[in-house]
Amino acid sequence: MTCSAHAQILPTGRPAAVSVNGVAIARDAIVREMQHHPASKPIAAWQQAARALVIRELLLQEARRLGVVPQPASDGSGRRETDEEAMMRGLIEREVAVPESDDDTCQRYYDRNRARFRSPDIFEASHILFAALPADKEAHAKAHDDAAAALAELRERPDRFADLARLHSRCPSAAQGGNLGQITRGQTTPEFEQALTALTPGQLCEAPVATHYGFHVIRLDRKHEGRMLPYEVVAGRIADYLRESVRRRADAQYVARLVTAARIEGIELAGAEALRVH
């Protein structure tokens with residue numbers, strides 16, 4: 001999320017004092033809050049911390065105006081809300097209506113996002129790693145030639161794969177004859193994955209596959225196709241996701257209305273999307 005908060009900078013180079021409807025946000029409080037908003041530059045962390053405290057103050061002022069009585073909740077670990085946290089939660093629950101997603105809405109989301117509800121393909125693969133750093137050109141060239149020679153031998157004697165892996169591979173999988181077990185997308189380097197997913201079961205790669213580890217000889221042993229999860233299995237998860245999405249948008253719009261009506265000095269806040277309440 002990109003923060004749309006811009007601190008006003010004084011001629012001295014320091015951020016201006018921040019206040020909400022005449023109530024000052026202490027500079028020390030903003031500095032303490034900065035630890036929860038890591039950023040590449042100190043001014044960005046300051047802006048995010050000031051934004052968070054401005055929104056907190058806005059919510060507390062509105063809760064007091066409406067007479068919200070704090071009813072602190074506790075979680076299963078015995079942690080208890082502060083009165084201020086309870087007041088803000090109570091205000092949001094009272095003032096922000098969040099409609100429930102009906103079954104038709106959930107079904108439409110499922111139909112439009114089927115790829116999200118498909119179990120991943122699983123690949124069972126083996127490889128032989130001829131290790132070499134790209135920066136070492138001589139070793140890199142030798143690793144390529146050794147991998148190419150191993151491939152040529154395997155095309156004549158595919159039953160030698162495990163023996164060659166134990167003999168040459170610089171991967172711990174060498175002890176298992178090069179067997180990597182089950183792999184899903186995202187678990188290997190992009191180059192390795194691209195080569196692996198192009199293979200059919202039992203097939204060797206056409207040429208040595210280069211990664212930052214060196215060169216690989218890859219064999220796909222088996223592939224288990226992913227399958228669509230039935231709507232009934234994921235309907236509850238979809239409803240929760242849609243409810244949370246609607247709630248966040250509604251919270252943002254409510255806070256944006258409070259910002260519009262408030263007198264905020266020292267920092268500019270803009271955009272409902274940037275004003276989500278967490």
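This is a predicted model: local features need pLDDT of at least 70, side-chain atom pairs count only at pLDDT 80 or more; totals for chains, interfaces and linings use all residues.
Is tyrosine 110 buried or exposed? At 5% relative accessibility, tyrosine 110 counts as buried.

**Figure 1. The buried side of helix H4.** Helix H4 covers residues 103-112. Its buried residues are Cys106, Tyr109 and Tyr110. Around the axis these residues cover an arc of only 100°, which puts them on the same side of H4. Asp104 and Arg112 are exposed and sit on the face of H4 turned away from the buried side. Helix H8 is included in what covers the buried residues of H4.

**Figure 2. The crossing of helices H4 and H8.** Two packed helices are described by the angle between their axes and the distance between the axes. For H4 and H8, the angle is about 105° and the axes are 9 Å apart. H4 is therefore roughly perpendicular to H8, as angles of 65 to 115 degrees count as roughly perpendicular. From H4, the contact is made by Asp103, Thr105, Cys106, Gln107, Tyr109 and Tyr110. From H8, the residues in contact are Tyr231, Val234, Ala235, Ile238, Ala239, Tyr241 and Leu242. Sorted by class, the contact of H4 with H8 has 10 nonpolar residues, two polar and one charged.

Figure 3. A pair of aromatic rings is described by the distance of the centres and the angle of the planes. The whole structure has four aromatic pairs. In one of these, the rings of tyrosine 109 and tyrosine 241 have centres 5.5 Å apart and planes at 45°, so the pair is tilted. Tyrosine 109 lies in helix H4 and tyrosine 241 in helix H8, so the pair ties together parts that are 132 residues apart in sequence. Tyrosine 109 is buried, with a relative accessible area of 16%, whereas tyrosine 241 is partly exposed at 41%. Tyrosine 110 and tyrosine 231 form an edge-to-face pair, 5.4 Å from centre to centre and with 70° between the planes. This pair also links distant parts of the chain, with tyrosine 110 in helix H4 and tyrosine 231 in helix H8, 121 residues apart. Tyrosine 231 is buried, with a relative accessible area of 9%. Ring pairs link Tyr109, Tyr110, Phe117, Tyr231 and Tyr241 into a cluster.

**Figure 4. The crossing of helices H2 and H8.** Helix H2 covers residues 42-66 and helix H8 covers residues 231-261. Their axes come within 10 Å and cross at roughly 85°. That angle makes H2 roughly perpendicular to H8. H2 contributes Ile55, Leu58, Leu59 and Glu62 to the contact, and H8 contributes Tyr254, Val255, Leu258 and Val259. Of the residues in the contact of H2 with H8, seven are nonpolar, none is polar and one is charged.

**Figure 5. Arginine 51 in helix H2.** Arginine 51 is a residue of helix H2. With a relative accessible area of 8%, arginine 51 is buried; the cut-off for this class is under 20%. Isoleucine 30 is 21 residues from arginine 51 in sequence, and their C-alpha atoms are 9.2 Å apart in space.

Figure 6. Helix H6 covers residues 161-168, and Phe161, Leu164 and Ala165 are buried in it. Seen down the axis of H6, these buried residues fall within an arc of 105°, so they line one face of the helix. They pack against strand S4 (122-131), helix H5 (137-156) and strand S7 (214-224). Proline 158 is in the loop between H5 and H6. Proline 158 is exposed, with a relative accessible area of 51%. Its C-alpha atom is separated by 12 Å from that of cysteine 205, which is 47 residues away along the chain.

Figure 7. Most residues other than glycine have a negative phi. Asparagine 21 is not a glycine, yet its phi is positive, at about 50°. Asparagine 21 is partly exposed, with a relative accessible area of 33%.

Notes:
Residues are numbered from 1 along each chain as its sequence is written. Side-chain values use heavy atoms; hydrogens and water are left out. Axes are lines fitted to C-alpha atoms, for helices over the stretch in contact, and angles run from 0 to 180 degrees between N-to-C directions. Helices (H or I, at least four residues) and strands (E, at least two) are DSSP runs, numbered from the N terminus. Angles under 35 degrees count as roughly parallel, over 145 as roughly antiparallel, 65 to 115 as roughly perpendicular and the rest as oblique. Contact means heavy atoms within 4.5 Å. Ala, Val, Leu, Ile, Met, Phe, Trp, Tyr, Cys and Pro count as nonpolar, Asp, Glu, Lys and Arg as charged, and the others, Gly among them, as polar. Buried means under 20% relative accessible area, exposed over 50%, partly exposed in between (1.4 Å probe, protein chains only). The arc is that of the directions from the helix axis to the C-beta atoms. Rings of Phe, Tyr and Trp (its six-membered ring) pair if their centres lie within 6.5 Å; planes under 30 degrees apart count as stacked, over 60 as edge-to-face and the rest as tilted.
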